[in-house]
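Please look first at how the parts of this chain are arranged around the spaces between them.

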Amino acid sequence: MIQSYKKKPTLQEKYDTIIIGSGMGGLATAAILAKEGQKVLVLERHYTAGGFTHIFKRKGYEWDVGIHYIGDVQRDKSILKKLFDYVSNGDLKWEDMGDVYDKIIIGNKQYDFVKGVKNFKKQMIAYFPEEEQAINKYVDTVFEAVKASKNYYISKTLSTIPNAIAGGFLRKPFYKYSDKTTYEVLREITDNEELIKVLTGQYGDYGLPPKQSSFSMHASVARHYFDGGSYPIGGSSQIVKTIDPVIEAGGGTILVSAEVDEVLINKGKAIGVQMKDGKQILAKNIISNAGLITTYNKLLPTSIVKKYQLKKHLQTVNPSVAHVSLYIGLEGTPEELQIPKTNYWVYPAKEDHDTCVHNYLEDLSKPFPVVYMSFPAAKDPDWKNRYPGKSAIDIITLVPYEMFEKWKETSWKKRGDDYEEIKEQIAQRLLKELYKQLPQIEGKIKHYELSSPLTTEHFVNYQKGEIYGLDHSPSRFRQPFLKPKTPIKNFYLTGQDIVTAGIGGALFSGVLSATAVTGKNLLKKVL
């Protein structure tokens, strides 16, 4: 049972492992270690557990803040499905989103991403008949890049000597794809800019447009959804709900409203944490799921950061993109309002993705470079039981953090009229985009609210309101320190920063981190 630190729960004298942060990486690591017989304490500074998997409720509605769809969980043999089943004891259930999981909308043209590799290719060829060869080559290249990534991630768990002997050999095939941008690889396949714009229409899933993102990141996302999209039955809160009993069965606990002030280091070894109220809790291992930037800047003692020159690491990586989310509550069922399950990715008619981003950042009154629309009420078959006669929609777009930076020192819900005015302007622009796609819902909205990058910063503790931790440029995948083990003995990292963006990457990081802690080949065990 998840407990609140404020209620002074009874804690163990000492834990095997303390994990800072209850996002997907922290939860997965905790569950896997619990199954290895460890007593694990998960500490979450927010008043609700789950990181980007949590939901919030307002005015008789609920919204997911980060889980909008998951790929590759309908196939029982997929690694992701086996991982989810392992950490939830098979209690986390999924609903298939249907044949069309993503709709790419460019100006007035629409392109459906259809479930199944053969179907996807057939549909793309129907849109671009002269590009059949390029489309087949693209799909093959995606599979090749994903296959090359397996050994790259395994190399992250190797200790110093095996890494020196075999690490370079394991990583080399991966670098063939990760060193190139998405645009570079696609331009080698085709010179059809419209096709490139369509095939990269999911770039919002990892935050960087094609000329900046590593092709390995793009390939990972594209492959992830080739077999369709799914949604957790009962909403994304089911993720914590089904993993918590696994942690508890091992004698562990998830504590919310439990903010860590500092990791305790003694003679170069992590021995525990000091809470914001001064209380110290000890453990054999400490794992941070708070993100690399937050961990180095806020959680480790300054003397340790200096000793191991960790700030140098931060100079070689950048935070990913900031965003706003518009949460909408409507009167009427998804059926009555004809709300689809399919996600909509809406783009300007002219220019490539990178140019659209550049133009927008130069002048924020220009069209949004991407508008993502998700319809959780239609995706979740259990929604009607929890919220009869209602629907919910999430809309996300990218914004520069600097747009809101001047309110950084203000408090949540008390940032002033100017702040609220900017948010309202963005909300109205996003609603206009929504009505273009679903005109029938105009007049049916009962509640809406917009979260800014400062909201993300407040709740998730990412310093610039970033959605995906570190950005996914080619250089990111060349950083040797993005792995579970750190130079500090018994101090480890987990989460999307050591793998890739999103829930799949964060979930897989749990296996890598638990492997590093135990020294066992846990991937083999899980699979």
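The second largest pocket lies between domain 1 (2-52 + 234-316 + 479-518) and domain 3 (319-460), because both give residues to its lining; the domain bounds come from an automatic or database domain assignment. The model is a predicted one, in which local features need pLDDT of at least 70 and side-chain atom pairs count only at pLDDT 80 or more, while totals for chains, interfaces and linings use all residues. Residues are numbered from 1 along each chain as its sequence is written, and side-chain values use heavy atoms, with hydrogens and water left out.

A pocket is here an open set of points on a 1 Å grid over the protein atoms alone, with protein on both sides within 12 Å along at least five of seven lines, whereas a cavity is a set of points where a 1.4 Å probe fits but cannot get out, and lining residues have an atom within 4 Å of a point. The second largest pocket holds about 920 Å³ of space, a volume being the space filled by probe spheres set on the points, which are joined across faces, edges and corners. Its lining comprises 41 residues, of which H54, I55, F56, R58 and V65 lie nearest the centre. Among the elements that give two or more residues to this lining are β4 (55-58), α9 (237-249) and β15 (323-331), but the largest share, five residues, comes from α16. Helices (H or I, at least four residues) and strands (E, at least two) are DSSP runs, numbered from the N terminus.

The domain assignment also gives domain 2 (114-227). The C-alpha centres of domain 1 and domain 2 lie 30 Å apart, and their contact (heavy atoms within 4.5 Å) takes 11 residues from domain 1 and eight residues from domain 2.

Helix α4 (residues 132-155) packs against helix α8 (residues 215-225) at an angle of about 105 degrees, with the axes 9 Å apart. That angle makes α4 roughly perpendicular to α8, a label that covers 65 to 115 degrees. In this contact α4 contributes Y138, T141, V142, F143, A145 and V146, and α8 contributes F215, H218, A219, S220, A222 and R223.

The largest cavity has a volume of about 50 Å³, and its lining includes E62, W63, D64, Y231 and R386. Strand β5 gives the most to this lining, with three residues, while α14 (376-379) and α15 (383-386) are among the elements that give two or more.

Conventions. Axes are lines fitted to C-alpha atoms, for helices over the stretch in contact, and angles run from 0 to 180 degrees between N-to-C directions. Angles under 35 degrees count as roughly parallel, over 145 as roughly antiparallel, 65 to 115 as roughly perpendicular and the rest as oblique.
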